[in-house]
Amino acid sequence: MLEFRCPAELHGVIPAPQPASLALPDWLKAMPAQAFHTLNAREESTVKRCPPFIDAMTSGFLIPLMCDVRIENGEFIWDNELPPGGSLSFVRSPISFHDSSQVTGSPLFADDRFLIKFHNLWTIRAPEGYAILFTHPFNRFDLPFTTLTGMVDCDRYSDNWIHFPAHWHDLDFTGVLPKGTPIAQCMPVKRETWKASFAAFTDEDTRSVHELTTAVGQEPGLYRRKFRA
């Protein structure tokens, strides 16, 4: 279980993290399960019926934007009426910025642009032995930003907030990011040392691969029916 906590005066005021399975985007809900494949000249399944695509989007939890943020001509505007802090101080703005020098030498660098940083006022505690992978919400290409990926040992580091740097890639975006917009997806990851082996197919491997690839080609939905956990 992941434990999300926030200051008492913010509980019920800022949106809580949600299971990703309960926060699928409207475009996915509205898209058809099948569409006409022009090359094959027939109706075929879309990604809405692709279990790996959907399973990624419904795994873990989504961290929400704490309030509406309006973007106009490159300016970020918000009105975040949080109650006064008590014994604990906390940031009151939904975003701040990283100077571009912090990504010098990376593909994110631009000398005339900042990186934004989304603020998150929920601390996160993971079970012993687990880290949390934070990344851009899976398959959310509709969002005008891309959250950077990072991993935090939240079984040990659980009494401080974790904020999320992001690259604002849609320079033409004008409008509002609504309160509750997912700004990061988090997935528990067990800390283990993994090893790998490498080998050529045996005769038995070859038969097994041939049988399964043939079955997948002949039986639509086979993975979903027989192999999906």
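Student: Is arginine 140 buried or exposed?
Tutor: Arginine 140 counts as buried, because its relative accessibility is 10% and the cut-off for buried is under 20%. Please keep in mind that this is a predicted model.

Student: Which side chain meets arginine 140 in a salt bridge?
Tutor: That is aspartate 142, with 2.8 Å from N to O. Aspartate 142 itself counts as partly exposed, at 40% relative accessibility.

Student: Why can such side chains pair at all?
Tutor: Side chains of opposite charge can pair when their charged atoms come close.

Student: How many salt bridges are there in the whole structure?
Tutor: A search of the whole structure finds nine. One of them joins arginine 125 and glutamate 3, whose closest N and O atoms are 3.4 Å apart.

Student: Where do arginine 125 and glutamate 3 lie?
Tutor: Arginine 125 is in strand E10 and glutamate 3 is in strand E1, so the pair ties together parts that are 122 residues apart in sequence. Arginine 125 is partly exposed, at 30% relative accessibility. Glutamate 3 is also partly exposed, with a relative accessible area of 30%.

Student: What does arginine 125 do with aspartate 159?
Tutor: Their side chains meet in a salt bridge of 3.7 Å, N to O. Aspartate 159 lies in the loop between strand E13 and strand E14, so this pair ties together parts that are 34 residues apart in sequence. Aspartate 159 is exposed, with a relative accessible area of 63%.

Student: What lines the largest cavity?
Tutor: Its lining includes Arg140, along with Met57, Leu62 and Phe138. By class, the lining has nine nonpolar residues, one polar and one charged.

Student: And the second largest cavity, what lines that?
Tutor: Among its lining residues are Ile14, Met66, His119 and Trp122. Six of the lining residues are nonpolar, two are polar and none is charged.

Student: Last one: which residues make the nonpolar surface patch?
Tutor: Leu212, Val216, Tyr223 and Phe227 make a patch of about 360 Å². Helices H3 and H4 each supply at least two of its residues. Tyrosine 223 is found in helix H4 and counts as partly exposed, at 38% relative accessibility.

Methods. Residues are numbered from 1 along each chain as its sequence is written. This is a predicted model: local features need pLDDT of at least 70, side-chain atom pairs count only at pLDDT 80 or more; totals for chains, interfaces and linings use all residues. Side-chain values use heavy atoms; hydrogens and water are left out. Patches are made of residues with over 30% relative accessible area and no salt bridge: like charges are joined within 9 Å, nonpolar side chains (Val, Leu, Ile, Met, Phe, Trp, Tyr) within 5 Å. Accessible areas come from the Shrake-Rupley method with a 1.4 Å probe; for residues, only the protein chains shown count as cover. A salt bridge is a side-chain nitrogen of Lys or Arg within 4 Å of a carboxyl oxygen of Asp or Glu. Helices (H or I, at least four residues) and strands (E, at least two) are DSSP runs, numbered from the N terminus. Buried means under 20% relative accessible area, exposed over 50%, partly exposed in between (1.4 Å probe, protein chains only). On a 1 Å grid over the protein atoms alone, a cavity is a set of points where a 1.4 Å probe fits but cannot get out, and a pocket is an open set with protein on both sides within 12 Å along at least five of seven lines; lining residues have an atom within 4 Å of a point. Ala, Val, Leu, Ile, Met, Phe, Trp, Tyr, Cys and Pro count as nonpolar, Asp, Glu, Lys and Arg as charged, and the others, Gly among them, as polar.
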